[in-house]
Amino acid sequence: MHESSTIRSFFLEGPAGKLESLLNAGAENATHAAVVCHPHPLFGGTLHNKVVFHTMKALNSFGFPVLRFNFRGAGLSHGEHDHGNGEADDVRAALDWLDSEFHLPMIFAGFSFGAAVGLRPACADTRVKALIGLGVPVGPVAADTETPRTYTFDFLRDCTKQKLFVSGARDQFGPRAKLEALFALVPEPKKLVLIEGADHFFEGRLRELRETVEGWVKEAVITSASSQLESGSL
């Protein structure tokens, strides 16, 4: 396992202006690069969110360079919150930057709003090989300043990439029955982990979250890539 202490703070060019970004450096022999997207900005979500941080640590422990960024209008990022529409373009810009910087297969991870807006462009991007949805908001979500919004995940029915879904068993924005119904419609390869006792923010359960991500990456990404390499299918 590798863990880098080097963090680069910079702004990447987004479609609505500069996006505040942090890159945790990877190993020289990194096999993948990753991006982790934060929860709803109107709820105070930023790249410094605890779930985002622990997910970054899990991915970075394999030597992957990991990018976190603030969506438009959050933190020091330019632009204004666009209710998930323009934010999907922010994700595309982040993936483009990550690809141009490292030229490695990519892993996408998103928490809550980050998953809702990021999974779609990540699913459609052939450079992205694996997807992680944390606290996927299958129930209505709203901040004080907007009407409740229900996100749709129909596009996942056609997504045949490696997929991990992790939610708290008491997630107030991801009712268990709805999450299990969505998971049933999603094609293999896939894995769903419900962390008992955890709420939407994995309060008090962040260690389990990190270990879940690490275990899945080792099994579904590292081992899978190695076996494909050996069989000559990569």
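Which residue in β8 does Phe165 stand opposite? In this predicted model, Phe165 stands opposite Leu192. The points below cover the strand pair, the nonpolar cores and the salt bridges.

**Strands β7 and β8**
- Strand β7 (residues 162–168) runs parallel to strand β8 (residues 190–195), and six bridges join them.
- Between β7 and β8 the chain passes through helix α4 (residues 176–185), in a right-handed β-α-β crossover.

**Nonpolar cores**
- The largest nonpolar core has 44 residues, of which Val35, Leu67, Phe108, Phe153 and Leu156 touch the most other members.
- Helix α3 (residues 113–124) supplies the largest share of this core, seven residues.
- Leaving aside residues up to four places away in sequence, Val35 touches Leu67, Phe69, Ala94, Leu95, Leu98, Ile107, Phe108 and Ala109.
- A second, separate core has 29 residues, among them Phe62, Ala109, Ala130 and Val213.

**Salt bridges**
- The model has 12 salt bridges.
- Arg127 pairs with Asp96, with 2.7 Å between the closest N and O atoms. Arg127 is in the loop between α3 and β6 (128–134) and Asp96 is in helix α2 (residues 85–102), so the pair ties together parts 31 residues apart in sequence.
- Arg127 is partly exposed at 25% relative accessibility, and Asp96 is partly exposed at 42%.
- In helix α4, Arg176 and Glu180 are four residues apart, about one helical turn, and their side chains form a salt bridge (3.4 Å, N to O).
- Arg210 and Glu214 are likewise four residues apart, in helix α5 (residues 206–231), and meet in a salt bridge at 3.1 Å, N to O. Glu214 is buried, at 16% relative accessible area.
- Asp96, Asp99, Asp125 and Arg127 belong to one network of salt bridges that share partners.

How values were computed. Residues are numbered from 1 along each chain as its sequence is written. This is a predicted model: local features need pLDDT of at least 70, side-chain atom pairs count only at pLDDT 80 or more; totals for chains, interfaces and linings use all residues. Side-chain values use heavy atoms; hydrogens and water are left out. A nonpolar core is a set of buried Ala, Val, Leu, Ile, Met, Phe, Trp, Tyr and Cys residues joined through side-chain atoms within 4.5 Å. Buried means under 20% relative accessible area, exposed over 50%, partly exposed in between (1.4 Å probe, protein chains only). Helices (H or I, at least four residues) and strands (E, at least two) are DSSP runs, numbered from the N terminus. Contact means heavy atoms within 4.5 Å. Two strands pair if DSSP finds at least two bridges between them. A crossover is right-handed if, with the strands pointing away from the viewer, the path from the first strand over the helix to the second runs clockwise. A salt bridge is a side-chain nitrogen of Lys or Arg within 4 Å of a carboxyl oxygen of Asp or Glu.
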